[in-house]
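Let's walk through this fold together, one piece at a time. Keep the model open beside you as you read.

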Amino acid sequence: MGVTSKLVALAEEEPVIAEVDPDYVVLPKHSYNQASLIKWKKEGRKVIVIETEGNHQDKNLTMNIPVAPDLYCFCNNIMMKKYQIELENKGCQVTVLGFQRGDLLTKK
């Protein structure tokens, strides 16, 4: 599809972003470094959140999302419905993708 991707540990992405100059930055949670999110968006990069295991799933707790990503991929409909209106009002597209087990992404 003509897409090149780099898998980088969180908090170690800046040198790769400087070198590769990506159009998109994909993160496992919306609560990542807010200053980085603002910087990337100002640079014209699209920010995508694909929820992973370990993000909160408490139905009674609603997280603050001050910097909305451009696309938010939720694990399930319950969590999407909780944030959908707020995110869409901030220009974010939302969808449900589920989550494939992250520990199966390596040979180990």
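A crossover counts as right-handed if, with the strands pointing away from the viewer, the path from the first strand over the helix to the second runs clockwise. Here β1, α2 and β2 make a right-handed β-α-β unit; helices (H or I, at least four residues) and strands (E, at least two) are DSSP runs, numbered from the N terminus. What you see is a predicted model, in which local features need pLDDT of at least 70 and side-chain atom pairs count only at pLDDT 80 or more, while totals for chains, interfaces and linings use all residues. Residues are numbered from 1 along each chain as its sequence is written, and side-chain values use heavy atoms, with hydrogens and water left out.

Start with the sheet. Strands of a sheet pair through backbone hydrogen bonds, either parallel or antiparallel. In this model, 4 strands form an open sheet in the order β1-β2-β3-β4, with parallel pairing (two strands pair if DSSP finds at least two bridges between them). β1 and β4 (93–96) are the edge strands, each pairing on one side only. From one strand to the next, the twist averages 15 degrees. β1 and β2 are joined by 4 bridges, and L27 has V49 in β2 as its bridge partner. Between β2 and β3 there are 3 bridges, with I48 opposite L71 in β3. Another 4 bridges join β3 to β4, where F74 stands opposite V96.

Now turn to helix α2 (residues 34–42). Within α2, S36, L37 and W40 are buried, meaning under 20% relative accessible area, where exposed is over 50% and partly exposed is in between (1.4 Å probe, protein chains only). These three sit on the same side of α2 because they cover an arc of only 100 degrees around the axis, taken from the directions from the helix axis to the C-beta atoms. They pack against α1 (14–20), β1 (24–27) and β2, whereas A35 and K42, on the other side of α2, are exposed. After the helix comes G44, with a positive phi near 90 degrees.

Finally, where does V67 lie? V67 is in the loop between β2 (46–50) and β3 (71–74). Its relative accessible area is 13%, so V67 is buried. Beyond its neighbours within four places in sequence, V67 is in contact (heavy atoms within 4.5 Å) with Q34, L37, I38 and K41.

Terms used: Axes are lines fitted to C-alpha atoms, for helices over the stretch in contact, and angles run from 0 to 180 degrees between N-to-C directions.
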